[in-house]
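User: I would like to learn how to read a few features of a protein model, one at a time. Please give the general idea before each case.

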Amino acid sequence: MVRMSARETASGLRAVARCDDLGVAPYSDADDHLFRPYLGAGHAATLDRIAAWMTEAGMTARVDAAGNIVGRYEGRHSDAPVLLIGSHVDSVRDGGRYDGMLGVMLGIETVAWFAERGHRFPFAIEVIGFGDEEGSRFPVSMLTSRAVAGVLGDQDLALADAAGVGLAEALDGFGLELARFAGAARHREDVLAYVEAHIEQGPVLEAEGHALGVVSAIAAQYRFRAVVTGVAGHAGTMAMRLRRDALAAAAEMVLAVERIGGAGPEDLVATVGRMEVGPGVPNVVPGAVTFSIDVRAGVGAVRDRAADEIRVALADIAARRTVGLDLTLQQDLPATPCDSGLSRLMAEAVRDVTGAEPRVLVSGAGHDAMVMARLAPVAMLFLRCRGGVSHHPAEAVEVDDAQTALEAMTAFVTRFEHTWSDAGPALTEEER
Ligand code: GLV
Ligand code: MN
Ligand code: MN
């Protein structure tokens, strides 16, 4: 855990120390690990704390209609368009302290760095902490960046969590309204760009000795829900040959998902991360199993081919074992290239501060940037993390790397300002 003095000014150390502060209750819904799902008590406490830090950094803070925290650092004119810097504040269950949160904290530090120097831009900067990126509560992810980008589907508003609490009720508990949720959408003409700093969540930067990297694209993702229906029965009396055990069938399906995920290029990955067994009792043959399937690849066609193979393999297993199978596609996030002009600025910023040629890499992890790309040009900065470990409490970053990332972010914003004049950004149409 990193500690700082009360008089700390904008720094990577402060960004890391604040992530550490937010890694425990009351900022977590669990007492013994970090779990900060969307619209939970930990989320509410976190937003209060972040709002105070935003205010201290010279921003006005508000919670938007989707529960995102937004800090605004005014430009020279009050109605100036916005450079958005952000990431997410939610976590997976038993997650790490830096996934998402470090990007939000570095956004605040970036603004604080300029505010401490009294610098105003011809545009506003807004730092946004998205409430739901992980999909830790509802069955889909990136609900809140989709609200901001104006790309929600009708089915999103009808979502319910595992306890049966609907989005409307969860929003109500947070002082928000379902009817206004989509009103979090930003106008395309007001948003110049979206920039996100994030830990790499993989081993490449560390293995190759780079503190920072520039993301060229984000992998395509599918999320499915599979429901296997067998026949429940007495574990002591139901003969093995008569069973239609939903869990045994699901187990075979999980192995098929693993085999297909492992049979493609290295960036193809397929995961079953969640499973519910009904009735879930030691002395009852399982009658129903619900599980998730997450399939990703850098190239959409590779992901799609794997998903087709998974569909066929699961249907074969279900037919052979005479169980029912209902496979529903819950989320389709296409592969997303980052904006070439902004990424070039980010690469120059990284070169400014490290003196080295930036490592450019594809992100296998999903990010709000892949949704925000539907609203505005996006760029992403990656920081190395220890051992490439993420979605795990052992997630760790070096303070020096966070400091280098902050310097790269400020260099990026300075370069962005130089490409901008009151007549508009100097990026070409093609680059935008
Ligand atoms: C988010 O972290 C994801 O990649 O699923
Ligand atoms: Mn994550
Ligand atoms: Mn993340």
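Analyst: Start with a charge over a ring, which is called when NZ of Lys or CZ of Arg is within 6 Å of the ring centre and within 35 degrees of the ring normal. Here Arg 117 lies over the face of Trp 113, at 3.8 Å from the ring centre. Tyr 73 has the charged end of Arg 120 over its ring, 4.3 Å from the centre.
This is a predicted model, in which local features need pLDDT of at least 70 and side-chain atom pairs pLDDT 80 or more, while totals for chains, interfaces and linings use all residues. Residues are numbered from 1 along each chain as its sequence is written, chains are lettered from A and ligands numbered from 1 in the order in which they are written, and side-chain values use heavy atoms, without hydrogens and water.

User: How many aromatic pairs does the structure hold, and how is a pair called?

Analyst: Rings of Phe, Tyr and Trp (its six-membered ring) pair if their centres lie within 6.5 Å; planes under 30 degrees apart are stacked, over 60 edge-to-face, and the rest tilted. The structure holds nine such pairs. One of them, Tyr 222 with Phe 224, is tilted, at 5.4 Å centre to centre and 55° between the planes. Phe 412 and Phe 416 are stacked, with 6.1 Å between centres and 25° between planes. These two lie four residues apart in helix α12 (residues 399–418), about one turn of the helix; helices are DSSP runs of H or I, at least four residues, and strands are runs of E, at least two, numbered from the N terminus.

User: Which residues do ring pairs link into a cluster?

Analyst: The cluster consists of Trp 113, Phe 114, Phe 121, Phe 123, Phe 412, Phe 416 and Trp 420.

User: Is Phe 412 buried or exposed?

Analyst: Buried means under 20% relative accessible area, exposed over 50%, and partly exposed in between (1.4 Å probe, protein chains only). Phe 412 is at 1%, so it counts as buried. Phe 416, at 2%, is buried too.

User: Which residues are the protein donors of the manganese ion (ligand 3)?

Analyst: Donors are N, O and S atoms within 2.8 Å of the metal (3.2 Å for Na, K and Ca); water is not among the atoms, so sites may look incomplete. For this ion they are His 88 (NE2), Asp 99 (OD) and His 198 (NE2), lying 2.0 to 2.2 Å away. Asp 99 lies in the loop between β3 (82–88) and α3 (101–116) and His 198 in strand β5 (residues 191–199), so the pair ties together parts that are 99 residues apart in sequence. Both Asp 99 and His 198 are buried. Asp 99 also coordinates the manganese ion (ligand 2), which is 3.4 Å from ligand 3.
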